[in-house]
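Hi,

Here is the structure I promised to send over. Have a look at it first, and then read my notes below.

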Amino acid sequence: MSCTVLTLLLPAEWCPLKRPGVADYLHFLYNVTSPLILIKMLERSLRRLPCLAVRSGIICVVMGTSLHLLADSIMRRLQLIGCDLHSTVKEDPKTKYINQTSMVEVLELLCYYYTIGQLMWYVPLLLVLVLFFTGCFTSREQQDTMPLTAWVLLLPNAMYYWYLITEGQSLILFIFTFFTMTATVMHQRRRGMFLDSNGLFMMYSFSAALCLVMVWVLCLWNHSVLRKRKPPGLIFLPKPTEVYSLYLQPHI
């Protein structure tokens, strides 16, 4: 999402293909800060994980974000030279001139690394969010007390989750996380514990993100071009980059 927005706003000469772009540097910063933030969130959790598990999870996050950075940067440059992200590698008209089967396989391997990087990033991230959520309860009834700043940040945070769900094709992971959080709330209420402002913010953010995903899918449900890449069934989740490649890229 940051790549798309920055590409639309910044001049093309600011982001040459042979140099890292502004979005790449922001991704560098994310790779450095995200493990530190996750460790800080784990300190808030009521359940202490073994040190080996924490270190293994942080390593997975670093490796996953690094793979995602590399694959996303290369795919973005393929998009800038005219490749269609809404088409498969073999169906893309820009890559049909490539006769070498090995080159096509390299591009498919890049997409594979992109997916693996997302999984290595998302699974530890969602696990840390669940563990952090378990520490967001208080004995006092504060269901309706969220500060104004939390309400202001609610929509951007929900849109961030929406992007992770749609671009990473991780709807099942997020639904499982949301059900786990809901079950935790029901269990804690039996003990007379209620969500504090942080817990409410997380629940509202996940709920709003899933609502955004529902609206996104309904708006594109009968799209003929995007449907070609998806198998028939209920799980149809177009990527924002595919929609961008289909509608916005030709006009830039």
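First, some housekeeping. This is a predicted model, in which local features need pLDDT of at least 70 and side-chain atom pairs count only at pLDDT 80 or more, while totals for chains, interfaces and linings use all residues. Residues are numbered from 1 along each chain as its sequence is written, and side-chain values use heavy atoms, with hydrogens and water left out.

**The core**

The largest nonpolar core contains 46 residues. By that I mean buried Ala, Val, Leu, Ile, Met, Phe, Trp, Tyr and Cys residues joined through side-chain atoms within 4.5 Å; buried is under 20% relative accessible area, exposed over 50% and partly exposed in between, with a 1.4 Å probe and protein chains only. Leu129, Phe133 and Phe206 have the most contacts inside this core. Helices H2 (22–44), H3 (51–80), H4 (101–133), H5 (148–167), H6 (171–190) and H7 (197–219) each supply at least two of its residues, and H7 gives the most, with 10. Helices here are DSSP runs of H or I with at least four residues, numbered from the N terminus. Setting aside neighbours within four places in sequence, Leu129 is in contact (heavy atoms within 4.5 Å) with Met41, Tyr161, Met202 and Phe206.

**Aromatic rings**

The whole structure has 8 aromatic pairs. Rings of Phe, Tyr and Trp (its six-membered ring) pair if their centres lie within 6.5 Å; planes under 30 degrees apart are stacked, over 60 edge-to-face and the rest tilted. Phe133 and Phe137 make an edge-to-face pair, 5.6 Å centre to centre with 80° between the planes, and both residues are buried. The Phe178 and Phe179 rings have centres 6.5 Å apart and planes at 45°, so this pair is tilted. Phe178 is buried at 15% relative accessibility, whereas Phe179 is exposed at 54%. Ring pairs also link Tyr160, Tyr161, Phe174 and Phe206 into a cluster.

**Cysteines**

A search of the whole structure for disulfides (cysteine sulfur atoms within 2.5 Å) finds 0. Cys60 is partly exposed at 31% relative accessibility, and Cys219 is exposed at 62%.

**Helix H6**

H6 has 20 residues and spans 29 Å from its first C-alpha to its last, close to the expected 28 Å; the expected span is 1.5 Å times one less than the number of residues. Its buried residues are Leu171, Phe174, Thr177, Phe178, Met181, Thr184, Val185 and Gln188. They fall within an arc of 150° seen down the helix axis, so they line one face of H6; the arc is taken from the directions from the axis to the C-beta atoms. On the other side of H6, Ile172, Phe176, Phe179 and Arg190 are exposed. Just after H6, Gly192 takes a positive phi of about 80°.

Which residues does Asn157 contact, leaving aside its neighbours within four places in sequence? They are Phe201 and Ser205. Asn157 is in H5 and is buried at 17% relative accessibility. Ser205 lies in H7 and is buried at 0%. Not counting residues up to four places away in sequence, Ser205 touches Leu154, Asn157, Ala158 and Tyr161.

Best wishes
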